[in-house]
Amino acid sequence: MAPKVKLPKPGELSQIDFKIPATDWMDTPVEFKPGTYCWGAKEKDLLTLGLPNPRQWSPADEDWKIPEGWETTILEGMAERLSKYRSFKIFMDICVRCGACADKCHFYIATGDPKNMPVLRAELLRSVYKRYFTKSGKFLGRLAGARELDMNVLKEWWSYFFQCTECRRCSVFCPYGIDQAEVTIIGRELLNLVGLNIDWISGPVANCYMKGNHLGLEPHAITGNIESMVDDIEDITGIRVNPTFNRKGAEIMFVTPSGDLLGEPGIQTCMGYLMLFHELGLDYTWSTYASEGGNFGFFTSNDMAKRLNYKIYAEAKRLGVKWIIGGECGHMWRVLNQYMDTWNGPADFLEVPKSPITGTVFENAKSTKMIHISEFTADLIKHNKLNLDPTRNDHLKVTFHDSCNPSRGMGLLEEPREIIRAVCNNFYEMPENTIREKTFCCGSGSGLNASENMEQRMRGGFPRANAVKYVKEKHGVNMLANICAVDRAALPALMDYWNPGVGVTGVTELVGNALIMKGEKERTTNLRFEDLPGKGGNE
Amino acid sequence: MELFFRDLLKERKSAIVEKWFDAIIATYPMDTSGFLKNQRDQFANPIGHTFSNGIESILSTLIEGDTFAEGLPFLEDIIRVRAIQDFTPAKALNFIFMLKTIVREELEKEIRLGQISSALLGFESKIDDLALLAFDIYVKCREQIYELKTDELKRMTFTLLKKANLMSEIPVQEFEHNDQK
């Protein structure tokens, strides 16, 4: 006789448990759903860069084609980094699981996924560290929070270290100052040892290595793009600006992320640079060789970042300039401000940056010899050197998004605000716990601004967008200003989804609009060819 | 809606909202620290804030028997969040149907006494309408995700295509000129 089937009672049927069955994090394997991860690094790019294990693969496949003995490669890599980077060893040892960081990560806030808590993201690596590098882990195993390194762990690392934007918001709240960005950086380095990167990083890195910039723009494309901006500036202002390229003997070299040379609203920011420098009569030059301020090598490995960064000083030396100005960018500035000097410095052949207009000596850049355009412009404004008409920006209600790296990485908090106040009449801050050193990431930093991971980006940027929504509803804010090329590329999509009607602009674009240039014709449009308030014929 | 039923719902509203909120939070991975539920700051916890604000407004709209026009922004806020999270379409929208279960549980005694059956049916039909609206919003959000990808590509490449004379744009002035004729 067949066993009797026990039918649930009607009362039992109505008892639906909405809870997802909870498993311990170590027993919860990672899933790869389209929209939430980036494509894997391509064979050709890894070959170009001489990185290990070049092959065609997809994160959605079961087999990631990792060479045999990979466990040894990873563990040896870990041992090497533990001895090389004291900070990494300390970060592995000192976390007390206080949880202060847990709810500070934009990815955790927007997903509720525990593995996006910074503490647990570090634990993904720490558990392996414990198993192989500590006595307690070797003997007590799981009891001491240790686990074996296997393929599931490797996939989990790849998933979650490419769900961290290295924004360092968590480290602001950590009582020990554990820098999760550094844990992610090491995690990504280890993954790269067995050929695991994402396409959106390894592609630009390979481009940058071969062509000088992430987008792979060749010299004629760079000069061509800038020339067409020059044409647009002439249409708008009646003034033809004359940028020079690769000019030896110029006083200053200007380096900006290549995102400013292509795509909106980056190009309008770039037009702002061109207009500002022309108006000042600055003796400066562009370089078609050092044509990338950003550095996606930084999201690959320390060595790769150093390799890509090298061209900046090399070009400054070749051209014989005195010092360097850098454009609006985020991670570019963490690299330049904190790493360039030790990697490729000291740049003894350069001079400490001194503004030829105001005479200000930028002591803060005494060693690197390179300053941020916002420092330079804010200094000009402080000394009343610019003729500005902020009413040209009167149709804008502006808020400012602190990009993670300039704010937390180099303390650039006041300069962009000073500039915005001088060039706009309507400026509104977002709430205190979402700006300055507590700023929320755009959700697309550290190489995650691909298109295939759009859902992931919309999640990661949700806390930022939520704060913008607040000032939009309260003050009618319609423009999100920033000083980062990745922001300019990534935030338009974020705003379209969460806050339709809010535009995105670089701070220097606002400057370009407000700047009254000597001998200019009466302007009727802004740099986007939109009518100026009260001046347009198309209203 | 019968007056008695409406008053009953108004009376139990806070209990219903609380249970509804808990049920929604339970659709997320184990919230052991209670962050999503307990962190009240709207900027520190935008998900919790969006949900708690939203469901209260939606319930008010349902109780008052208003058209959904006013409750919709809140509904959209919630769905916009769930549309980009780790949910299948069914799971993203199941929070609407949870309300039926919760109301039935909350008013169990009155239902047993047969006091409110017709009003309850009417109320549940309203929830069904809400679910249909939610479906529209959800699909709109998903479609937008795909649009964002193409828009982003256009922003990146349009200038180049124009420059290479592969694409051109008719200036606004030309249209105006024609209008004046």
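**Close-up 1. A:Asn482 and its partner across the strands.** A:Asn482 faces A:Gly506 of β7(A). Strand β6 of chain A, residues 479–482, is linked to β7(A) by four bridges, and the two run parallel. Strands here are DSSP runs of E with at least two residues, helices are runs of H or I with at least four, and both are numbered from the N terminus. Please keep in mind that this is a predicted model: local features need pLDDT of at least 70, side-chain atom pairs count only at pLDDT 80 or more, and totals for chains, interfaces and linings use all residues. Residues are numbered from 1 along each chain as its sequence is written, while chains are lettered from A and ligands numbered from 1 in the order in which they are written.

**Close-up 2. The open sheet of chain A.** Three strands with parallel pairing make up this open sheet, in the order β5-β6-β7; two strands pair if DSSP finds at least two bridges between them. At the edges are β5 (398–400) and β7 (503–506) of chain A, each pairing on one side only. From one strand to the next, the twist averages 30 degrees. Helix α23 of chain A, residues 507–514, lies across β6 and β7 and runs at about 80 degrees to β7(A). Axes are lines fitted to C-alpha atoms, for helices over the stretch in contact, and angles run from 0 to 180 degrees between N-to-C directions.

Close-up 3. The domain assignment, automatic or from a database, gives domain 1 (27–197) and domain 2 (203–514) of chain A. Domain 1 brings 26 residues to the contact and domain 2 brings 30, with residues in contact if their C-beta atoms, placed from the backbone, lie within 7 Å. On the domain 1 side, α5(A) gives the largest share, five residues. That side divides into ten nonpolar, nine polar and seven charged residues. Here Ala, Val, Leu, Ile, Met, Phe, Trp, Tyr, Cys and Pro count as nonpolar, Asp, Glu, Lys and Arg as charged, and the others, Gly among them, as polar.

**Close-up 4. Two packed helices of chain B.** Helix α1 (residues 3–25) and helix α3 (residues 46–64) of chain B pack at about 150 degrees, their axes 10 Å apart. α1(B) and α3(B) are therefore roughly antiparallel, a term for angles over 145 degrees. Contact residues include B:Trp20 and B:Phe21 of α1(B), and B:Phe51 and B:Leu59 of α3(B). The contact residues comprise ten nonpolar, one polar and four charged.

Note on methods:
Parallel < 35°, antiparallel > 145°, perpendicular 65-115°, else oblique. Contact = placed C-beta atoms within 7 Å.
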